[in-house]
Amino acid sequence: MTSPADIDVIVFDVLGTMVDEPGGIRRGLRAALPGCGDARLEELLEVWQRHVEERQREMLSGRRPYAPSTALDREAAERVAAEAGAADPGAPGALAAAAQRLDPWPDSVAALDRIAARFTVVGLSNAAPAALTRISAHAGLRWHQALSAADAAGYKPHPDVYGLAVATADRAPERLLMVAAHAWNLRAAQTAGMRTAYVERPVGDPPRAGDAFDLYAGSLAELATALGAD
């Protein structure tokens with residue numbers, strides 16, 4: 001098991017791990033499209049998420065030039081508004097803004113503060129810089145440093161994004177612990193030489209049988225305790 005003495009910097013995924021991204025978008029859909037029932041809202045949320053994921057994959061494969069997360073959210077918002085037949089011309093803008101007003105999970109703020117009292121804490125997100133600032137401010141997440149994948153002109157799980165965190169920390173990669181609710185994220189961090197901690201969240205990507213992460217926690221509060229952050 002990884003010891004706190006082996007770690008200098010804790011790097012956190014943000015979307016899904018620290019904040020409830022689907023919940024925030026769902027709330028925005030409900031406000032912008034009041035006539036939609038719950039089942040239809042879930043369908044539209046899936047359209048949004050699938051659009052963003054597909055565009056990111058296109059960029060990772062080189063089939064599309066890089067574009068920041070704010071552009072992808074705007075595309076997704078316009079697509080969802082069109083599919084929903086939204087009459088309000090301001091609906092796409094309102095929906096795109098909702099993607100930056102994401103609530104933290106119940107333990108995110110307090111546990112992050114606990115961990116930050118002992119370690120350097122860094123947010124590493126696919127969100128564009130301005131979006132990451134707004135997301136962190138809305139959720140009350142206080143980082144020692146917040147890094148956007150846009151600075152590497154890419155998206156996780158591209159290795160350059162994790163390399164950005166390692167270079168910024170100016171530490172050997174094994175002195176960094178990557179925390180995420182998505183197993184795919186942690187696998188990529190392992191490839192970059194980082195230590196890894198899986199935190200269970202309702203919207204995460206659970207580990208597979210063959211995964212071997214350094215730490216496993218049922219919550220961020222539980223991880224803080226495991227790291228000795230009292």
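The model you are looking at is predicted.

- As general background, nonpolar side chains in soluble globular proteins tend to be buried together.
- If you click on Phe12, look for its contacts beyond four places in sequence, among them Met18, Leu112, Ile115, Trp143, Met178 and Leu220.
- Phe12 also touches Val121, Val122, Gly123 and Leu124.

**Strand E1 and its partners**

- Strand E1 is covered on both faces, with Val9 and Val11 buried on one side and Ile10 and Phe12 buried on the other.
- Strand E2 (residues 120-125) runs parallel to E1, and four bridges join the two.
- Within that pairing, Val11 has Val122 of E2 as its bridge partner.
- E1 also pairs with E4, again in the parallel sense and over four bridges.
- On the E4 side, Leu176 stands opposite Val9.

**Helix H1**

- Helix H1 covers residues 21-32, so to speak a run of 12 residues, and spans 17 Å from its first C-alpha to its last, close to the expected 16 Å.
- The buried residues in H1 are Pro22, Gly23, Gly24, Ile25, Gly28 and Leu29.
- Helices H2 (38-60), H3 (69-84) and H4 (91-98) are among the elements that cover these buried residues.
- At the start of H1, the backbone nitrogen of Gly23 has a side-chain oxygen of Asp20 within 2.9 Å.

**Ser125 in strand E2**

- Ser125 belongs to strand E2.
- Ser125 counts as buried because its relative accessibility is 1%, and the cut-off for buried is under 20%.
- A polar atom of the Ser125 side chain lies 3.0 Å from the backbone nitrogen of Ala127.
- Leaving out neighbours within four places in sequence, Ser125 is in contact with Val14, Leu15, Leu132, Leu147, Ser148, Ala149 and Lys156.

Key: Residues are numbered from 1 along each chain as its sequence is written. This is a predicted model: local features need pLDDT of at least 70, side-chain atom pairs count only at pLDDT 80 or more; totals for chains, interfaces and linings use all residues. Side-chain values use heavy atoms; hydrogens and water are left out. Contact means heavy atoms within 4.5 Å. Buried means under 20% relative accessible area, exposed over 50%, partly exposed in between (1.4 Å probe, protein chains only). Two strands pair if DSSP finds at least two bridges between them. The expected span of a helix is 1.5 Å times one less than its number of residues. A polar contact is a pair of N or O atoms within 3.5 Å; within protein, one must be able to donate a hydrogen and the other to accept it, and residues adjacent in sequence count only if both atoms are side-chain atoms.
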